[in-house]
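Biologist: Please put the model up. I will ask how you know each thing you say about it.

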Amino acid sequence: MAGTCVVGLQWGDEAKGKIVDLLGDTFDLVVRYNGGANAGHTVVVGGKTFKLSLLPTGVIRPNVTSVIGNGVVVYPPRFVEEVGQLAKAGIDLSNGLVLSDHAHVIFPYHMEEERLAESGTEGKIGTTGRGIGPCYQDKVGRRFGVRVGELLRPDHLRERLGQIVPFKNRLMAAFANGHADTLKAFDPAAVADEYLGYAEQLRPYVADTSRLLQDAVKAGKRVLFEAAQGSLLDVDHGTYPYVTSSSSLPSGIWGGSGLPAKHVTRVIGVVKAYTTRVGRGPFPTELDDGPDGTGERIRRVGREYGTVTGRPRRCGWFDAVAVRYTAALAGADEITVMLLDVLSGLPELRLCVAYDLDGDRRTHFPSDAYELERCKPVYETLPGWGEDITAARTLSDLPAAARRYLDRVSELVGLPAAVVSVGPDREQTIRV
Ligand code: IMP
């Protein structure tokens, strides 16, 4: 088996990192193919905690080559910082980390463009502010996109930034509407100087990662793809326009890594036992029920605050309609159910089995976020359990109500639950 993909089937933050960790030494390469430093993940190694957002979670495994594929958008200061953080802890990445020369580069003006776009109320998405959207816009627009490989050619970079930056300054001034007082103007030479400094630190890692991956597969190596964000944030199939700007589904692998999809033979769909979402956009099962409500309780017990932005995550019941939709798009073979322990102590649990749209019962996810906004969840209610389940290691250790809940989730999604997580530690895991 050459390729496995670990992908979130909700709106991100499904604790995919723990699943990658559990896969242990079953792969030789770990690859990110989408997104950028908007994907926060916390990795604990030998009692030390690392907060990463750009490097893959698997980067801390010895004997594993980590690849940042061409589909990723890279913010060089963040790359340098994360590599430095790991180096300080004695994790040597000089042979184990490779960055695609085709990955696009995020510049400070991308963040400024995003700040301006998000500072009004119209068209606001609730982004992470990391310059992701504007960088992908430049990539697809072609005239202003800069790839990592171009950072390594000083004269070329200076010339390109000499054209791009003045244009961006004019564009932002026109766009500033009401924010002109705080508008930053960028100096092409200063941006070039700063980025040429990063370029020297990036240089040892830069390579043609598509070829590297193709050769690795030919040599029988096993590859793990880490999808960033969640499937409902996929730019094509998610709740557009409230999505990220990349293909977070496994469909992004071919384009974002250069490895043909036929090499991906296993897709592990990761879900929480409930649902969360950060940023704006429809969320039918959201529990917006006040400071003493269930939504707040899930947030508190599950520590549902964004890793990148610290924003409180919106919390709600498990939505089987949404997960059935993403599981089909992802081609998931199995699901892993995370954070089941967070639901302990709730007297009853709800599962969304359908939507009500203007009196019509729908069991399919609408293809349009505006329609989804009008959908009301149709719930099935199951009994909860009062016991602490964090010490459970087999299904039979779980209370009957927890087993019943899992069975129903699996039945509604139409996939077996291969792993159930009952706590953050590696040991707090039930392998079914
Ligand atoms: P962007 O990716 O920063 O452009 O943000 C677009 C949307 O995706 C916003 O709703 C963000 O909150 C959300 N988002 C981006 N990255 C993540 C993530 O890693 N986890 C959860 N939500 C994310």
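Modeller: Start at the ligand: a polar side-chain atom of Thr244 lies 2.6 Å from one of the ligand's oxygen atoms. This is a predicted model, in which local features need pLDDT of at least 70, side-chain atom pairs count only at pLDDT 80 or more, and totals for chains, interfaces and linings use all residues. Residues are numbered from 1 along each chain as its sequence is written, and side-chain values use heavy atoms, with hydrogens and water left out.

Biologist: How many residues surround the ligand, and which are the closest?

Modeller: 15 residues surround it, and the closest are Asp13, Asn38, Thr128, Thr244 and Arg311. To count as near, a residue needs a heavy atom within 4 Å of the molecule.

Biologist: What makes up that shell, by class?

Modeller: The shell has 6 nonpolar, 7 polar and 2 charged residues. Ala, Val, Leu, Ile, Met, Phe, Trp, Tyr, Cys and Pro count as nonpolar; Asp, Glu, Lys and Arg as charged; the others, Gly among them, as polar.

Biologist: Back to Gln229. Why is Gln229 called buried?

Modeller: Buried means under 20% relative accessible area, exposed over 50%, and partly exposed in between (1.4 Å probe, protein chains only). Gln229 has a relative accessible area of 10%, so it is buried. Its place is strand 10, residues 223–230. Helices (H or I, at least four residues) and strands (E, at least two) are DSSP runs, numbered from the N terminus.

Biologist: What makes the link between the side chains of Gln229 and Asn38 a polar contact?

Modeller: A polar contact is a pair of N or O atoms within 3.5 Å; within protein, one must be able to donate a hydrogen and the other to accept it, and residues adjacent in sequence count only if both atoms are side-chain atoms. Gln229 and Asn38 are joined at 2.9 Å. Gln229 and Asn34 are joined too, at 3.3 Å.

Biologist: What else does Gln229 touch?

Modeller: Its contacts (heavy atoms within 4.5 Å) include Gly8, Gly12, Thr244 and Ser246, not counting residues up to four places away in sequence.

Biologist: Now Cys315. Is Cys315 buried or exposed?

Modeller: Cys315 is at 0%, so it is buried. It lies in strand 13, residues 314–316. Beyond its neighbours within four places in sequence, it contacts residues including Phe283, Gly295, Ile298 and Arg299.

Biologist: Which residues of helix 10 are buried?

Modeller: In helix 10 (residues 294–301) they are Gly295, Ile298 and Arg299. Because they cover an arc of only 100 degrees around the axis, they sit on the same side of helix 10. The arc is that of the directions from the helix axis to the C-beta atoms. The buried residues of helix 10 pack against strand 13. Just after the helix, Arg303 takes a positive phi of about 45 degrees.

Biologist: What covers the buried residues of helix 4?

Modeller: The cover includes strand 6 (73–74), strand 8 (104–105), helix 3 (108–119) and helix 6. Helix 4 spans residues 132–141, and its buried residues include Ile132, Pro134 and Tyr136.

Biologist: Why is Ala15 called partly exposed?

Modeller: Its relative accessible area is 30%, so Ala15 is partly exposed. Ala15 is in the loop between strand 1 (3–8) and helix 1 (16–22). Its phi is near 70 degrees, a positive value in a residue other than glycine.

Biologist: And why is Asn63 called exposed?

Modeller: Asn63 is at 77%, so it counts as exposed. Its loop runs between strand 4 (48–52) and strand 5 (65–68). Phi of Asn63 is near 65 degrees.

Biologist: Where is there a cis peptide bond?

Modeller: It joins Tyr240 and Pro241, with omega about 10 degrees. Pro241 is in the loop between strand 10 and helix 9 (252–257).
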